[in-house]
Amino acid sequence: MTDQVTEQKPDLKELAKTLSDAYYNILQYYNKPEETILKDLNHLAKYSNDLPLTWFTTQFIDTLLSLKDKYSQALESIITLFSTWLRRLSSTEDTRLPPVMDTLLTTLLNHDMTYAIQKDAWIGWVALIGKGKDLKVLEGMRKVIVSFSTSGNKERIQNMGESMDAGVAHALAQTTALNDFEVDDCQKLLIAYIQFCAKRVEGPRAVMTAIEHVVDVRSQEKPQTRAEADLATLVHMAVDVVVSASQPDHLAINFVRLAVLAGVVRMLQFNQGEKTKKVLRLREKAERTFIQQLDMAVDTVRSEKYRNDYSRNQDIIAFFAGRCIIQIPSATVLEMNQISVLLNFLSDSLLTSPYTFNNGDMLHRLQNTPAMTAEISDLIAQPLFKDIGRISRAIAKLAELLLLEKKPVSVLESILDRFVGFSYNAFLDWDRYLTQHASKNMTADENKNYKELENVVWTVFKSMTFAITVILKSIAVDVPDGEGLIRLPNAAQDIISIYANLNFITEHLGDGAGRQAYQETLTNAVAYLLHDDNHCQLNKLLSLAFKEYASPAFVKDNVPSVELLSMVQQSRLTFFTDLVEQVMRNMDDDVLENDILPVIYPILKWRRIENKDLYESAHTAVISAFLSEKPVSRELAGVYSKILIENFPTPMNLDQFRFGFNTLIGALCSMDDALAWLTVEQLIQKIHSLSSEKDMTLRNEYITALIDLLKPLSLGPFFPSILDEIKNLILHQESKTIQKATMKILFETVSGTGISDMRRTEAVGWFLELKRELKL
């Protein structure tokens with residue numbers, strides 16, 4: 001491969017010779033055939049950047065000027081050579097410059113020229129900025145841009161768009177005319193550029209990027225006084241272009257004008273130069289003007305006149321807001337009259353734009369096809385999709401301001417309702433997709449696409465979860481003293497419902513800032529519902545949630561509904577089961593007994609664990625009922641202890657069984673010693689039932705679990721009873737080796753923490769007596 005690359009590289013000596021021959025052939029073109037001239041010009045143009053500057057003599061330039069009139073086919077090569085010369089020219093005092101500039105300008109104003117020729121001509125023309133003829137260059141740029149704008153040729157406008165953007169950005173960043181005396185020429189260029197970009201779909205974004213470059217370059221100029229002066233002229237020019245514009249202009253032009261201000265504001269916010277008082281005052285002026293103009297744009301967009309273009313216009317508003325509002329001081333943002341309307345625009349853009357989540361349409365149509373993979377890949381590459389994080393932070397800031405300033409919050413209630421529905425639809429659509437492909441035999445190509453599709457879909461899921469979390473956090477966490485949850489009475493329930501629906505996503509996300517924000521938001525929502533005044537809301541939420549998973553009352557089917565759940569559905573149930581464990585003390589007994597436990601029972605009895613997280617969560621929830629001393633615990637004790645005993649050694653391991661049973665007995669001891677002992681006797685009966693030789697290992701493991709119960713029982717009246725039972729079991733163990741191992745476990749238990757101080761002496765004495773009796 002390396003040899004092939006080496007062979008493709010031109011020999012430098014040979015290249016130098018061919019270029020030199022081509023150069024002298026052009027100088028002596030009058031005795032050369034047309035074919036040779038065209039070939040040599042093309043060769044020189046191809047390597048124009050490598051030609052020595054000394055080759056661009058008066059004779060060579062004059063020759064090129066003559067050839068352009070003689071051979072129209074040579075124009076592209078000649079323009080390329082002119083462009084290269086102008087880019088490398090250090091001074092504009094050269095007498096050969098005027099005819100070359102006239103050639104370039106004529107080429108740019110001639111709409112019969114190809115895009116490639118005009119692009120090279122534009123690059124050469126713009127390269128003259130800062131070299132002494134700025135006013136003439138700026139005027140020429142203005143004429144060219146106006147010519148394109150008025151041509152009516154959308155294709156040519158689109159093709160030249162990026163070149164125009166780069167040219168204007170370079171000109172305004174480098175021109176020496178950006179001063180109080182010559183700024184009119186810069187302003188005229190900027191106005192023409194605005195008119196040009198108003199005819200482009202990506203116009204506002206292009207203008208904002210260009211102006212950001214201008215501000216970035218000007219802010220880092222030295223000395224600082226020059227940077228401040230140029231920034232002041234630039235800001236005043238931008239404000240003047242936007243504010244003094246006549247009102248009847250088309251909305252597209254107003255958007256592009258606003259993009260000028262947005263570019264100034266954003267780059268002043270992230271200014272890499274010195275942030276002096278003068279620069280900060282300029283930023284403040286730009287931000288205040290931007291907010292005023294954004295307010296007017298919002299008011300215009302929502303009018304009946306622009307109803308048919310609502311979707312496109314809302315995306316432009318969202319783009320501006322996401323890029324600028326986050327860093328603008330709250331006091332300035334509050335000067336807006338249309339904050340609630342802006343919030344509607346932003347939430348609409350976030351949820352319904354075809355360039356963001358599009359109402360979940362993509363998930364609803366999800367199929368394992370290369371076309372779908374390509375569609376989602378294109379979506380996540382969209383500029384607006386990449387701005388989802390900024391848009392969500394802008395929504396979060398505005399939501400926080402409404403809550404802090406005690407303004408009407410009906411718009412926030414509407415946004416939360418939409419998030420609940422949106423998240424539930426995403427949950428259903430992803431569940432449907434996985435279910436359709438769970439048992440499908442796929443070819444190698446289908447399997448490859450399935451993995452690629454999953455990767456891009458998870459990019460969408462992560463963006464979705466991050467955006468929603470940022471907004472929910474602004475309500476539940478960022479507003480002090482829980483005021484956000486108080487002013488939005490259903491916000492806590494909505495937050496929990498949203499996160500339950502999205503649990504299939506969040507359970508796969510790693511640690512980081514996003515995870516911390518999620519946890520803080522969820523914690524505050526749960527804490528709000530744990531308040532005494534909100535128990536009713538909490539219980540209603542959980543009752544409705546678990547009723548979704550209840551077995552039908554009037555259908556004769558012995559298979560519990562929970563056994564039929566898919567993995568995505570189990571993920572949602574796991575979220576609610578985890579929540580039950582956290583709020584057990586505040587749960588109504590009827591809700592626990594009638595709605596929650598009937599759903600959990602079948603999971604506790606799983607002999608094959610379908611979902612480890614759900615299985616452990618169900619057991620934790622039941623144990624929390626004992627720890628909370630719920631009335632149902634008395635009835636539940638016998639049933640649950642039997643489940644624990646029967647679930648060991650499969651699917652539970654010894655550590656899980658020991659922890660579960662020990663926690664159960666500890667909880668029962670604090671309620672009723674007799675009930676605790678009655679439950680322990682179930683374990684004892686199980687041990688006695690294992691009498692065959694093949695059950696010896698299992699029997700000894702149960703004995704280990706029984707020894708653990710010395711700790712919780714040491715405070716009650718049945719401590720002597722369990723000591724006697726353990727002694728009897730150890731005396732009848734099969735061998736001295738097993739007895740020795742059991743005594744070691746017993747010693748660690750009676751000498752360690754957990755045994756009541758009042759019973760420790762008794763326990764140690766009993767242990768020593770047993771050891772003597774065993775003669776170990």
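Modeller: Start with two helices, α29 and α31. Q570, L573, T574, T577, D578, V580 and E581 of α29 meet D613, L614, S617, A618, T620, A621 and S624 of α31. By class, this contact has five nonpolar, six polar and three charged residues. The model is predicted, with local features needing pLDDT of at least 70 and side-chain atom pairs 80 or more, while totals for chains, interfaces and linings use all residues. Numbering runs from 1 along each chain as its sequence is written, and side-chain values use heavy atoms, leaving out hydrogens and water.

Biologist: What makes the meeting of α29 with α31 a contact?

Modeller: Heavy atoms lie within 4.5 Å. D578 of α29 and D613 of α31 are among the residues that meet.

Biologist: Why is α29 called roughly parallel to α31?

Modeller: Their axes, lines fitted to C-alpha atoms over the stretch in contact, cross at roughly 25 degrees and come within 8 Å. Roughly parallel means under 35 degrees. So α29 (residues 567-583) and α31 (residues 612-627) are roughly parallel.

Biologist: Which hand does the crossing of α29 and α31 have?

Modeller: The crossing is left-handed: the near helix is turned anticlockwise from the far one by less than a right angle.

Biologist: Why are α9 and α10 called roughly antiparallel?

Modeller: Helix α9 (residues 154-174) and helix α10 (residues 183-197) pack at about 155 degrees, with axes 11 Å apart. The cut-off for roughly antiparallel is over 145 degrees. Therefore α9 and α10 qualify. Their crossing is left-handed too.

Biologist: Which residues make the contact of α9 with α10?

Modeller: From α9 come I157, G161, M164, D165, V168, A171 and L172. From α10 come C186, L189, L190, Y193, F196 and C197.

Biologist: How do these residues divide by class?

Modeller: There are 11 nonpolar, one polar and one charged. Gly counts as polar and Asp as charged, and the contact includes G161 and D165.

Biologist: What makes a residue part of the lining of the largest pocket?

Modeller: A lining residue has an atom within 4 Å of a pocket point. The largest pocket has 15 of them, with V201, E202, R205, I316 and Y355 closest to its centre. Its volume is about 460 Å³. α15 gives the most, with five residues. The lining has eight nonpolar, three polar and four charged residues.

Biologist: How many residues line the second largest pocket?

Modeller: The lining has 21 residues, with F466, T469, V470, G514 and A517 nearest the centre. α23 gives the most, seven residues. The classes are seven nonpolar, six polar and eight charged. The volume is about 400 Å³.

Note on methods: Axes are lines fitted to C-alpha atoms, for helices over the stretch in contact, and angles run from 0 to 180 degrees between N-to-C directions. Helices (H or I, at least four residues) and strands (E, at least two) are DSSP runs, numbered from the N terminus. Angles under 35 degrees count as roughly parallel, over 145 as roughly antiparallel, 65 to 115 as roughly perpendicular and the rest as oblique. On a 1 Å grid over the protein atoms alone, a cavity is a set of points where a 1.4 Å probe fits but cannot get out, and a pocket is an open set with protein on both sides within 12 Å along at least five of seven lines; lining residues have an atom within 4 Å of a point. Grid points are joined across faces, edges and corners, and a volume is the space filled by probe spheres set on the points.
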